[in-house]
Amino acid sequence: ADKRSHDRDLNSTKRLKPFFTGRDLGTLRRPDIRAYIEKRKAAGVKPATINRETGLLSAAINYARREWDWDIPNYAEGAHLKEPEGRVRSLEVEEARRLMAWADKSSRTSHLADFIRLALNTGCRRDEMLRLEWERVDLENNLIHLAGVNTKSGRRRSVPLNREARQALLNLARFRAERCPASPWVFAHKDGTRVQSVKRSFSTACERVGIADFRVHDLRHTCASWLVSSGQPLPAVRDLLGHSTIKMTERYAHLAPE
């Protein structure tokens with residue numbers, strides 16, 4: 001249950017179980033794996049999801065071979081579908097200003113503007129921000145400290161704060177001092193409980209200012225796009241965003257062909 005992908009693995013298991021229950025792992029062959037893949041494709045499931053499912057099956061078989069000395073083949077290994085190139089959607093500076101201006105004026109979602117401001121200026125992932133605790137915010141040195149358990153890659157990193165990001169955190173600190181001084185969470189409700197999601201309020205904000213086809217995660221894409229466009233080298237952007245490989249950062253390379 002401590003595994004970062006625990007919930008995702010549980011969901012993959014639910015999909016695998018009906019198809020493979022009762023099967024002898026020793027008799028599984030590549031056509032059986034292909035049949036599963038084709039069934040999932042026919043159901044309209046995306047290649048990335050199918051790859052996670054067959055990857056989990058492959059990992060389970062390898063575990064049995066390694067830990068229990070089961071003499072069984074692993075035809076799930078390498079049975080990957082080609083995945084489409086990752087989606088990149090980013091905002092123009094003026095669009096970002098409109099979005100933050102509307103969020104600033106919305107009294108019902110006091111944390112939304114600062115969430116947007118922090119995301120655009122740090123490139124942090126949604127959960128890295130929504131699960132951020134004040135003990136990991138270093139305003140003296142203008143850093144956010146993310147431990148391995150807080151990041152998708154499992155690697156610790158420190159995220160620098162520019163003026164806008166720092167201001168967002170100061171706004172949130174003021175809210176905490178006035179409404180919920182005992183709360184450990186940077187993004188907290190008035191009662192001190194953690195903000196679980198901004199999806200609905202974010203979607204409303206985008207709709208109100210006429211920004212279409214834009215998701216919360218695209219704030220991170222926007223930050224990366226702005227950095228590359230401003231001349232920041234790809235390795236620096238990789239380290240800031242916490243990408244596990246430079247290949248993930250190269251999706252933004254077209255913004256600075258030189």
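Predicted model: local features only at pLDDT ≥ 70, side-chain atom pairs only at ≥ 80, totals over all residues.

Trainee: How many cavities of 30 Å³ or more does a search of the whole structure find?

Mentor: One.

Trainee: Which residues line the largest cavity?

Mentor: Read a lining as a list of residues, then sort the list. Here the lining is Phe115, Ala119, Cys124, Arg125, Arg126, Met129, Val216, His217, Leu219 and Arg220. By class, six are nonpolar, one is polar and three are charged. Next, ask which elements they come from. H5, H6 and H9 each supply at least two residues of this lining.

Trainee: Let me look at H5 itself. Which of its residues are buried?

Mentor: Burial is read from relative accessible area, and under 20% counts as buried. In H5 the buried residues are Leu112, Ala113, Asp114, Phe115, Ile116, Arg117, Leu118, Ala119, Leu120, Asn121 and Thr122. That is eleven of eleven, so H5 is largely enclosed by the rest of the structure.

Trainee: What follows H5?

Mentor: Glycine 123 follows H5, with a positive phi near 75 degrees.

Trainee: How should I think about a nonpolar core?

Mentor: In soluble globular proteins, nonpolar side chains tend to be buried together. In this model the largest nonpolar core has 45 residues. Leu99, Ile116, Leu118, Leu169, Phe187 and Phe202 have the most contacts inside it.

Trainee: Which elements give two or more residues to this core?

Mentor: They are helices H4 (93-105), H5 (112-122) and H6 (126-130), strand E2 (143-146), then helices H7, H8 (199-208), H9 (218-229) and H10 (234-241). H5 gives the largest share, seven residues. There is also a second, separate core of 14 residues, which includes Leu16, Ile33, Ile50 and Ile61.

Trainee: Which residues is leucine 169 in contact with, leaving aside neighbours within four places in sequence?

Mentor: Contacts like these show which parts of a chain meet. Leucine 169 is in contact with Leu118, Trp134, Val137, Leu139, Ile144, Leu161 and Val186.

Trainee: Now the strands. In what order do they form the sheet?

Mentor: For a sheet, read the order, then the direction. Three strands form an open sheet in the order E1-E2-E3, with antiparallel pairing. E1 and E3 are at the edges with a single partner strand each, so one side of each has no neighbour in the sheet.

Trainee: How many bridges join E1 to E2, and how many pair E2 with E3?

Mentor: Two bridges join E1 (residues 137-138) to E2. Four bridges pair E2 with E3 (residues 157-160). Valine 137 has isoleucine 144 in E2 as its bridge partner. Histidine 145 has serine 158 in E3.

Trainee: What does the hairpin of E1 and E2 have between its strands?

Mentor: Four residues. In this hairpin, asparagine 142 takes a positive phi near 55 degrees.

Trainee: Last one. Is arginine 163 buried or exposed?

Mentor: Over 50% counts as exposed. Arginine 163 has 73% relative accessibility, so it is exposed. Arginine 163 belongs to helix H7 (residues 163-179). Its C-alpha atom is 9.0 Å from that of asparagine 142, 21 residues apart along the chain.

Definitions and conventions. Residues numbered from 1 in each chain as written. Heavy atoms only, no water. Buried < 20%, exposed > 50% of the residue type's maximum accessible area, 1.4 Å probe, protein only. Core = buried A, V, L, I, M, F, W, Y, C linked by side-chain atoms within 4.5 Å. Contact = heavy atoms within 4.5 Å. Pairing = 2+ DSSP bridges. 1 Å grid on protein atoms, 1.4 Å probe; cavity = no way out; pocket = protein on both sides within 12 Å on 5 of 7 lines; lining within 4 Å. Points joined across faces, edges and corners; volume = space filled by probe spheres on them. Nonpolar A, V, L, I, M, F, W, Y, C, P; charged D, E, K, R; others polar.
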